[in-house]
Amino acid sequence: MNIILFGPPGAGKGTQAKNLEKKLNNFQVSTGDILRDEIKKESEIGRTIINYMNEGKFVDDKIVNSLIKKVVFDKQKKGKLIFDGYPRTLDQAKNLDLWLTNSDQKIDFIFFLNVNKDTIIQRIKKRKIIENRSDDDLDTILKRYDTYMETTRPVLNYYSTNSNFNEIDGALKIAEITSKINDILKV
Ligand code: AMP
C-alpha cells in the first residue's frame, strides 16, 4: 500500500509515517530526512542544499526529484511507500505520478493533516527543544509556513478530488490521528 501524508510543517506527518511504517511494515520516505542525511554526509548535494534548508526555502525540484525517483523504482520498496514531505510542489506531484505509473504502482491513500498556523508554531517550538533542528527557529518556521501556503497548499487541488483523499484534523492528539488513519486503512 502506497500512502501520501500531506500537510504543513509541524502537522505530524513524520510521527504518523513512523507509526505506519511499523504497522504496515512499509518504508517512510521523508524528503527532509533524506536531505538532512546528504548534509550530514557532506555530499555534493548536501553542500548545495544546506543554505536553502536552513533558510526554510525549498530545495530545487530537480535535486529532490532525483532522490525520490530512486526510491520509487527500488524494487524492495515497491507498493510499500509512505511519503512524508513529498510531493510539495506541483512539479513533484506530476513527476511522482509518472514514476508510479511507469513502475506499475499507484497511491492508495492520501491523508491531509490540516493544522492552523498558531498550533504549528507552538509544536515546532517544542520540537526545537527535543530535536534541535536548525530550521526550527521562529523566523524559519514562519518562512516555511509561508512557503507551504504559497507553493504546497495549491498541490492539494491536484489531489483533493481523488476518491482516496482524506482530510484529518491535525490538531487532534497523536493517538486520535493514528486511530482515524487506521480506521480508514482498515488496519
Ligand atoms: P521537513 O523535514 O519535511 O520539514 O523538511 C525540511 C526542509 O527540507 C524543508 O523546509 C525544505 O527546505 C526541505 N524539503 C523537504 N522536502 C522537500 C521537498 N519535497 N521539496 C523541496 N524541499 C524539501
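**Entry 1: one tyrosine**

I started with Tyr158, which I found in helix H8, residues 155–159. A reminder to myself: this is a predicted model.

Is Tyr158 buried, exposed or partly exposed? Its relative accessibility comes out at 28%, so I put it down as partly exposed.

Next I looked up what Tyr158 touches. Leaving aside residues up to four places away in sequence, I got Leu90, Ala93, Lys94 and Asp97. I also checked Tyr158 against Ser179, 21 residues away along the chain, and their C-alpha atoms are separated by 26 Å.

**Entry 2: rings**

How many aromatic pairs does the structure hold? I noted 6. In one of them, Tyr158 and Tyr159 have ring centres 5.2 Å apart and planes at 85°; an angle over 60 degrees counts as edge-to-face, so that is what I call this pair.

Then I looked at Tyr159 itself. Its relative accessibility is 3%, and under 20% counts as buried, so Tyr159 goes down as buried.

On to helix pairs. I am noting an angle between axes and a distance between axes for each, because that is how two packed helices are described.

Helix H4 covers residues 61–72 and helix H5 covers residues 90–102. They pack at about 25°, and their axes are 11 Å apart. Angles under 35 degrees count as roughly parallel, so H4 and H5 get that label. I have the crossing of H4 past H5 down as right-handed.

Which residues meet? On the H4 side I listed Asp61, Val64, Asn65, Ile68, Lys69 and Val72. On the H5 side they meet Asp91, Gln92, Asn95, Leu96, Trp99 and Leu100. Sorted by class, this contact has 6 nonpolar, 3 polar and 3 charged residues.

**Entry 3: H1 and H9**

Helix H1 (residues 13–24) packs with helix H9 (residues 174–185) at an angle of about 45°, and I noted 11 Å between the axes. H1 and H9 are therefore oblique to each other. H1 passes H9 with a right-handed crossing.

From H1, the contact uses Thr15, Gln16, Asn19, Leu20, Lys23 and Leu24. From H9, I wrote down Ile174, Ile177, Thr178, Ile181, Asn182 and Leu185. My class tally for H1 with H9 reads 6 nonpolar, 5 polar and 1 charged.

**Entry 4: H6 and H7**

Last pair in this notebook. Helix H6 spans residues 117–131 and helix H7 spans residues 138–152. Their axes come within 10 Å and cross at roughly 140°. Only angles over 145 count as roughly antiparallel, so H6 is oblique to H7. I noted a right-handed crossing for H6 and H7.

What does H6 bring to the contact? I found Lys117, Ile120, Ile121, Ile124, Lys125 and Arg127, and they meet Leu138, Ile141, Leu142, Arg144 and Tyr145 in H7. By class I counted 7 nonpolar and 4 charged residues in the contact of H6 with H7, with no polar ones.

Terms used:
Residues are numbered from 1 along each chain as its sequence is written. This is a predicted model: local features need pLDDT of at least 70, side-chain atom pairs count only at pLDDT 80 or more; totals for chains, interfaces and linings use all residues. Side-chain values use heavy atoms; hydrogens and water are left out. Axes are lines fitted to C-alpha atoms, for helices over the stretch in contact, and angles run from 0 to 180 degrees between N-to-C directions. Helices (H or I, at least four residues) and strands (E, at least two) are DSSP runs, numbered from the N terminus. Angles under 35 degrees count as roughly parallel, over 145 as roughly antiparallel, 65 to 115 as roughly perpendicular and the rest as oblique. A crossing is left-handed if the near helix is turned anticlockwise from the far one by less than a right angle, and right-handed if clockwise. Contact means heavy atoms within 4.5 Å. Ala, Val, Leu, Ile, Met, Phe, Trp, Tyr, Cys and Pro count as nonpolar, Asp, Glu, Lys and Arg as charged, and the others, Gly among them, as polar. Rings of Phe, Tyr and Trp (its six-membered ring) pair if their centres lie within 6.5 Å; planes under 30 degrees apart count as stacked, over 60 as edge-to-face and the rest as tilted. Buried means under 20% relative accessible area, exposed over 50%, partly exposed in between (1.4 Å probe, protein chains only).
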